[in-house]
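Subject: Structure handover

Dear colleague,

Here is the structure you asked about. My notes on it follow below.

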Amino acid sequence: MKVQENALGFIIETSSIIIFFGKKEAQLEKIQQFFSSYQFTLVHQTHGRKIQLKDSTNWTERPEADAQWTEQKKLGLCISTADCIPAFVYDLKKARIAGVHAVWKGVANRIVPQTLELFLNTGSKPQDLRLVLGPHIQKQSFEVDLDVKNQLIAVAKNLSNSNTVMMDSEVFTQNTEGKFQVDLSKIVKSQAQEHEVSLDHFFDLNLDTKSDHRFHSHRRDKEKAGRQLSFILQK
């Protein structure tokens with residue numbers, strides 16, 4: 001995918017779709033000014049499992065949800081992050097898109113595959129789906145304790161058909177302090193494959209929010225961390 005960078009963030013654009021991944025400066029007012037032809041909608045993210053349909057009747061509302069989807073054009077589905085994964089899904093054939101907020105709890109709760117399943121259950125085909133991940137905390141920066149690792153192991157099981165040792169080497173690496181570094185994007189890839197979404201149709205910007213100061217990071221800045229907005233829309 002061709003990615004263009006500007007002062008606000010990173011843009012991926014096709015004939016029908018715009019995906020935008022924001023930097024620190026990407027707040028709603030500036031996004032609305034830069035993309036003045038479009039409207040934008042948000043949800044109140046709770047690290048849960050709810051997927052909210054947005055359309056012309058409710059786009060101004062902000063319900064509790066961690067994913068939102070629409071078939072409406074010119075409506076940007078915004079996701080707010082500061083280390084979590086902004087994940088976007090679109091269908092090449094049907095006019096439908098989704099934006100997903102995937103913190104590690106969301107990955108454990110399978111919010112991305114639930115969104116894919118919603119599309120597939122309502123007429124999408126696996127070969128037509130595309131999954132795009134934006135800047136988020138990368139494996140070298142994301143340390144967790146054993147209890148979190150154990151929660152994630154179950155949803156990472158499809159990464160390897162051999163054994164836990166191989167899976168651990170791909171997704172979890174134990175460091176000298178006894179903590180585990182986790183590759184969340186690899187888990188999300190495995191979840192997408194469960195629904196027959198090819199890795200050829202998966203794109204990850206591979207930018208680390210903790211080490212890259214163009215982005216807000218809760219792990220780096222704690223309570224001082226802000227949030228950047230990203231979105232997907234249909235033209």
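The largest pocket in this predicted model is lined by 18 residues, and His47, Ala82, Cys84, Val103 and His218 lie nearest its centre. Two or more lining residues come from each of strand 7 (75-81), helix 2 (104-108) and helix 7 (218-221); helices (H or I, at least four residues) and strands (E, at least two) are DSSP runs, numbered from the N terminus. A pocket here is an open set of points on a 1 Å grid over the protein atoms alone, where a 1.4 Å probe fits, with protein on both sides within 12 Å along at least five of seven lines; lining residues have an atom within 4 Å of a point. The volume of the largest pocket is about 410 Å³, taken as the space filled by probe spheres set on the points, which are joined across faces, edges and corners. Its lining has 7 nonpolar, 6 polar and 5 charged residues (nonpolar: Ala, Val, Leu, Ile, Met, Phe, Trp, Tyr, Cys and Pro; charged: Asp, Glu, Lys and Arg; polar: the others, Gly among them).

On numbering and method: residues are numbered from 1 along each chain as its sequence is written, and side-chain values use heavy atoms, with hydrogens and water left out. Local features need pLDDT of at least 70 and side-chain atom pairs count only at pLDDT 80 or more, while totals for chains, interfaces and linings use all residues.

pLDDT (the predictor's confidence in each residue, from 0 to 100) has a mean of 92 for the protein, with 94% of residues at 70 or more. Over residues 160-166 pLDDT stays under 50, and the model has 2 contacts for them beyond four places in sequence (contact: heavy atoms within 4.5 Å).

Beyond four places in sequence, the contacts of Val112 include Ala87, Val100, Leu131 and Val188.

Ile17 is in strand 3 (residues 17-22) and counts as buried because its relative accessibility is 4% (buried: under 20% relative accessible area, 1.4 Å probe, protein chains only; exposed: over 50%; partly exposed: in between). Its C-alpha atom is 5.8 Å from that of Leu233, 216 residues apart along the chain.

Regards
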